[in-house]
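Subject: Structure for you to look at

Hello,

Here is the structure we talked about. Please open it first, then read the notes below it.

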Amino acid sequence: MFEAAELRDDIFWVGAIDWDIREFHGYTTNRGTTYNAYLVKGEKTALIDTVKAGFFPEMISRIRSVQDPAKIDYLVLNHLEMDHSGSVPLFKELAPNAQIVATDHGSKGLPRHFRYDWPVHKVKTGAEISLGDKTLQFIEAYMLHWPDSMFTYLKEDSVLLPNDGFGQHYASFHRFDDEDGRIEAIMEEAAKYFANILMPLAPLIPPLLKKVEKMGLKIEMIAPSHGIIWRSHINKIISSYVEWSTGVARDRVLVIYDTMWGSTEAMARAISEGLNSAQVEHKLIHLRKNHYSDVLGEILTAKALVIGSPTINEGMFPSVAQLLYYIKGLHPLKKKGVAFGSYGWGGEAIEAINGEMRASGIEILEPGLGITYVPGKEDLEECVLLGKRIAEAVRK
Ligand code: FEO
């Protein structure tokens with residue numbers, strides 16, 4: 001019933017579209033996703049990655065439209081996470097002779113996932129497998145984003161299959177960036193994906209891209225394991241990855257807050273007014289109305305984070321603590337920060353926010369602004385001035 005989509009001669013997309021997924025291990029997937037598996041046919045045939053287990057019937061149906069699965073020679077596992085490896089046991093039942101190909105880390109992780117003792121053909125960077133008139137070349141991508149991660153390159157066709165790299169949680173009827181036509185939405189999802197999945201490992205990305213460059217690989221298509229395949233915007237996505245992985249950001253400020261009785265929100269709006277009068281691009285984000293994974297997509301391209309919380313139980317609001325805890329694990333690069341908030345008596349939230357920002361490597365611009373109970377006119381003017389000072393700092 002399902003058909004394979006031919007991307008180039010004898011290279012097929014045989015993945016699955018998950019239109020309705022809205023949550024992916026704690027990450028909101030507002031536009032759904034795809035699990036992209038690829039079938040490469042030469043004299044021999046290779047399947048590159050599989051799909052999440054529940055989508056096995058869709059993948060196998062697409063494979064059958066062009067190839068008897070029992071006659072597939074290789075199963076290349078670029079990454080062990082279950083959204084790509086979940087269908088391996090079912091696939092191996094139909095294709096018991098398919099030789100599994102993975103990195104050394106992949107070979108160790110595979111039995112820990114499935115408790116099968118399948119033999120694995122281990123590959124290192126530069127290793128090749130000939131399918132006849134097509135050649136698979138492998139590039140280890142250690143910790144991008146798991147130890148087992150690798151890229152597969154199709155030499156004769158100049159196609160890079162980088163698994164999660166360059167991916168986006170984006171469901172579409174179309175396979176290619178130039179067919180879909182919503183490049184802004186695709187780039188937004190690519191940025192969110194980078195921020196939530198790859199940001200803590202960002203320092204590894206420029207050396208890996210250099211390694212690919214040094215190997216002299218010509219790239220005419222980047223086919224990731226999620227979302228749209230890059231064909232017309234290859235330079236755009238690669239240069240975006242270089243910027244994101246080196247902390248390049250715009251003169252942009254995020255005022256991120258939660259509020260109890262509206263006082264911290266009033267402060268946020270006054271800080272926004274200060275940024276506005278200085279004509280600095282900014283955005284207010286209420287943390288109980290925005291999911292933290294969406295906020296991370298915004299943080300990626302902002303220079304400063306102004307984080308506000310009322311003091312509650314001698315600390316900050318749980319929603320603010322959750323975001324800061326999440327940020328700490330993701331190690332954002334080159335961010336500046338300021339804390340603010342309303343409090344009744346202790347005011348501990350400001351120092352708690354500062355402590356978390358310090359632990360995340362965020363440069364604290366000033367000690368923070370706390371106001372007791374409800375801000376009056378003079379307090380709000382203080383907030384406007386704070387906004388103006390932050391505007392100056394991001395423009396430096
Ligand atoms: Fe799409 Fe790391 O799995």
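Helices (H or I, at least four residues) and strands (E, at least two) are DSSP runs, numbered from the N terminus. Two strands pair if DSSP finds at least two bridges between them. The model is predicted: local features need pLDDT of at least 70, side-chain atom pairs count only at pLDDT 80 or more, and totals for chains, interfaces and linings use all residues. Residues are numbered from 1 along each chain as its sequence is written, and side-chain values use heavy atoms, with hydrogens and water left out.

Overall picture

The protein chain has 13 helices and 22 strands. Its C-alpha atoms fill a box of roughly 75 × 40 × 35 Å, taken along the principal axes. Of its 396 residues, 56% count as buried (under 20% relative accessible area; exposed is over 50%, partly exposed in between; 1.4 Å probe, protein chains only).

An open sheet is formed by 5 strands in the order E12-E13-E14-E15-E16, with mixed pairing. Strand E12 (128-130) and strand E16 (221-222) are at the edges and have a single partner strand each, so one side of each lacks a neighbour in the sheet. E12 pairs with E13 in the antiparallel sense over 3 bridges, and Ser130 has Thr135 in E13 as its bridge partner.

Strand E13 (residues 135-140) is joined to E14 by 5 bridges, and the two run antiparallel. Here Ile139 has Phe151 in E14 as its bridge partner.

How much of strand E14 (residues 150-154) is buried? The count is 5 of its 5 residues. Met150, Thr152 and Leu154 point one way, while Phe151 and Tyr153 point the other way.

E14 is also joined to strand E15 (residues 159-161), antiparallel, by 3 bridges. Tyr153 stands opposite Leu160 in E15. The hairpin of E14 and E15 has 4 residues between the strands, and Ser158 there takes a positive phi near 55°.

A charged patch

Glu6, Asp9, Asp10, Glu43, Asp133 and Glu156 gather on the surface in a patch of negative charge. Glu43 is exposed, with a relative accessible area of 70%.

Regards

Methods:
Patches are made of residues with over 30% relative accessible area and no salt bridge: like charges are joined within 9 Å, nonpolar side chains (Val, Leu, Ile, Met, Phe, Trp, Tyr) within 5 Å. Accessible areas come from the Shrake-Rupley method with a 1.4 Å probe; for residues, only the protein chains shown count as cover. A salt bridge is a side-chain nitrogen of Lys or Arg within 4 Å of a carboxyl oxygen of Asp or Glu. Lys and Arg count as positive and Asp and Glu as negative; His and the chain ends are not counted. The place of a charge is taken as NZ of Lys, CZ of Arg, CG of Asp or CD of Glu.
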